[in-house]
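Here's a quick walk through a few strands, a helix and some charged pairs. Have the viewer open and follow along.

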Amino acid sequence: MNNPQLNKNGELQHLLSTEGLPARILLDILDRAAGFVGGVDSNEIKKVPLLQGKSVFNIFFENSTRTRTTFEIAAKRLSADVVNLNIGSSSTSKGETLLDTVDNLCAMHADMFIVRHSQSGAAHLIARHVAPNIHVINAGDGRHAHPTQALLDMYTIRHYKREFHNLRVAIVGDVLHSRVARSQIHALTTLGVPEVRVIAPKTLLPTDVEKLGVHVYHDMAQGLKDVDVVMMLRLQNERMQGALLPSAQEFFKYYGLTQDKLAQARPDAIVMHPGPMNRGVEIDSSVADGSHSVILPQVTFGIAVRMAVMSLLAER
Amino acid sequence: MNIQIKNGRLVDPKNGIDAQQDLFIASGRVVAVGSAPAGFVADNVIDAAGLVVMPGLIDLSARLREPGYEYKATLESEMEAAVAGGITSLACPPDTDPPLDEPGLVEMLKHRARQLNQAHLYPVGALTHGLKGIELTEMAELTDAGCVAFSQADAPLIDTRVLMRSMQYAATFGYSVWLRAQDSFLAKDGVAHDGEVATRLGLPSIPVCAETIALSTMLQLARETGARLHICRISSAEGVAMVRAAKQQGLSLTCDVSMNHTHLSEMDIGFFDSNCHLVPPLRSLRDREALRAGLLDGTIDAMCSNHSPVDDDAKQLPFAEAEVGATGAELLLPLVLKWAEQAKLPLVEALAKVSSQPARILGLDAGHLAVGVAADVCLFDPECYWKVEPAALKSQGKNTPFLGMELRGKVRYTLVNGQVVYQSA
């Protein structure tokens, strides 16, 4: 089966998932992103004319202020024209289908779509549908993938740890519903991280998750033992309703990241979170704001990584 | 009209025939096999050299989408598809709009089908009013109107007391109850098999225990009530094992599988191919192998197309939102042949799964070609390869996971009651 993300020369045509992308493409994106971040000690990001005259459409069928904003900033730093559309879930109830919406925007001469949708596979559907000169970046589809988040996480890890091949990484929390976790797992294993762990109660882990190449832990103390990187996941409040968890309090007690639990990790471990955080649910404030946390640098690197992806696609 | 079908390879599973024999038809019935009866003069001689001559296929599940869903397909289009696929009898599930829960609806459907004069139509009536799983339908009245069995189709029947009573009531009159085993709580919101693929793609999933828990309830209630139970669209290895064990214990039940599940697995979803959004979900390769083994050892009695045409717009959506179903009437024969070839099974045994066996389940004297039976016949070229593409399909639905594939076996003639209703070059 052809990988729908690559063109026939094996180059990136769309960014839909980190799964199935060769390490050279992931590393190319990280290297490019590094070029957009200022000097070694400066996190300032420069404005460049790489996307001058191009139109980037942010189409968000699911609300997200933060991700949309970082894509918007990234596109503007590349000198693109940016159009933001918050379509929400109401457009389908008005009778317009997803692909009708896309066709209309194509007729407005879009060059690139940044798509977020509540359904897994929505970005694939759009990528299959558009003309070959249009590029699609998946900004999160259902539980499936959130590749730019995973790439900015990889950037952050490389920034602090330099190498991937000697790391132990733990992903903690609601893996079942998390597109971030899936994209992180594929990126980490592709980049050669020898040990990726997931830590969660059984109700928040998908079936056969080990087949993605991870080790499963249900106990935080064991799972965090000697890890170099802790990647926390956001816990949605509605998880309390579907009989997945008894309460946020109990979850925090057993799976929330506290200083105590973090003490199991290596002394130089870094703590990451894709945001927005639920303090006191999946992470304690003292950890989120503590010396191991790299949560705010993640956000800054996110802009550079999204610039790298857009500029790479614009060259095709 | 007298018809002689000559020089063909006659394959009649029920009567154990696989030989070059001519077939003689008069007044819509088979009048002789082998040599012509005295004084027989053929008005029409069909040269079947190189063709297999078999009883018309009997499909246990074909949705014709009438009444209510005419934008997806019509009786005209789907009956045409059926005979183009060599199907001469088909059972249609009750999940139309409105559902087949009123004798008037069933009579109207039967009447429309008779007017079209193509395949025989055998409606399966709704087990509960509106398929809501609360009140029983007038099963005796519906039977008088032409229903051959009663079913919930894919609608849930959550209340086990209603399920038990519906089976008791059906058993009173000896009616068959056709059920698909799926626990609706465990299957809630699920769109794919609970396994590796759903995990990778982030699709809400349906575990195997959704099938086995419901199946266990159904088997228990069949024992309790004595109802004639037919299990529709079995999908898992564990489910097959339970049906096998129940049959060994002497419970009289029958079981079918869809052709899609005989050939495909969760892997075929690939990158969210919505043509693979099916009910029940395509399960693992291990499950598929167990379904094939079940077909082979007789645990699974019949293979059906589960023909469900869907309009393009309803499939051009993200996987979970895309409507379920696949067109299939025209693929049933080639997919039985493909299974037979892969399982190294003699044609006469394989074709039983789409002729004599479904006839037995329906209680029909059909699906075979003995003297005296209605001349429902399919003639096909077993060596002809054809490509599954929209233009090649008569069905209004062009949605199938087999799009783009080359399949072997092409229907040349279909006869219903001794009349040629389909012929291709």
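## Strands in chain B

Two strands pair here if DSSP finds at least two bridges between them. Keep in mind that this is a predicted model. With that cut-off, strand S9 (residues 87-92) of chain B pairs with S10(B): 4 bridges join them, and the two run parallel. One place to look is Ala91(B), whose bridge partner in S10(B) is Tyr122(B).

On to S11(B), residues 149-151: 3 bridges link this strand to S10(B), again in a parallel arrangement. Here Gly125(B) has Phe150(B) of S11(B) as its bridge partner.

## One side of a helix in chain A

Now hop over to helix H1 of chain A, residues 23-36. H1(A) has 14 residues and spans 20 Å from first C-alpha to last, close to the 20 Å expected at 1.5 Å a residue.

Which residues of H1(A) are buried? They are Ile25(A), Leu26(A), Ile29(A), Leu30(A), Ala33(A) and Phe36(A). These residues cover an arc of only 140° around the axis, which puts them on the same side of H1(A). As for what covers the buried residues of H1(A), the list includes helices H6 (147-161), H7 (179-190) and H12 (295-314) of chain A.

## Salt bridges in chain A

Over all chains, the count comes to 29 salt bridges. Start with Glu72(A) and Lys76(A), whose side chains meet at 2.9 Å, N to O. Both sit in helix H2 (residues 65-77) of chain A, and because they are 4 residues apart, about one helical turn separates them. Glu72(A) is buried, with a relative accessible area of 16%, whereas Lys76(A) is partly exposed at 42%.

Next up is the salt bridge between Asp289(A) and Arg279(A), with the closest N and O atoms 2.9 Å apart. Asp289(A) is in the loop between helix H11 (285-288) and H12 of chain A, and Arg279(A) is in the loop between strand S9 (270-272) and H11 of chain A, so the pair ties together parts that are 10 residues apart in sequence. Asp289(A) counts as exposed, with 54% relative accessibility, while Arg279(A) counts as partly exposed at 42%.

Back in chain B, Asp297(B) forms a salt bridge with Arg244(B), and their closest N and O atoms are 2.8 Å apart. Why does this pair tie together parts that are 53 residues apart in sequence? Because Asp297(B) lies in helix H9 (residues 285-297) of chain B and Arg244(B) in helix H7 (residues 237-248) of chain B. Asp297(B) is partly exposed, with a relative accessible area of 45%, and Arg244(B) also counts as partly exposed, at 25% relative accessibility.

One last stop takes us to chain A again, where salt bridges that share partners join Lys161(A), Asp228(A), Arg266(A) and Asp268(A) into one network.

Definitions and conventions. Residues are numbered from 1 along each chain as its sequence is written. Chains are lettered from A and ligands numbered from 1 in the order in which they are written. This is a predicted model: local features need pLDDT of at least 70, side-chain atom pairs count only at pLDDT 80 or more; totals for chains, interfaces and linings use all residues. Side-chain values use heavy atoms; hydrogens and water are left out. The expected span of a helix is 1.5 Å times one less than its number of residues. Buried means under 20% relative accessible area, exposed over 50%, partly exposed in between (1.4 Å probe, protein chains only). The arc is that of the directions from the helix axis to the C-beta atoms. Contact means heavy atoms within 4.5 Å. A salt bridge is a side-chain nitrogen of Lys or Arg within 4 Å of a carboxyl oxygen of Asp or Glu.
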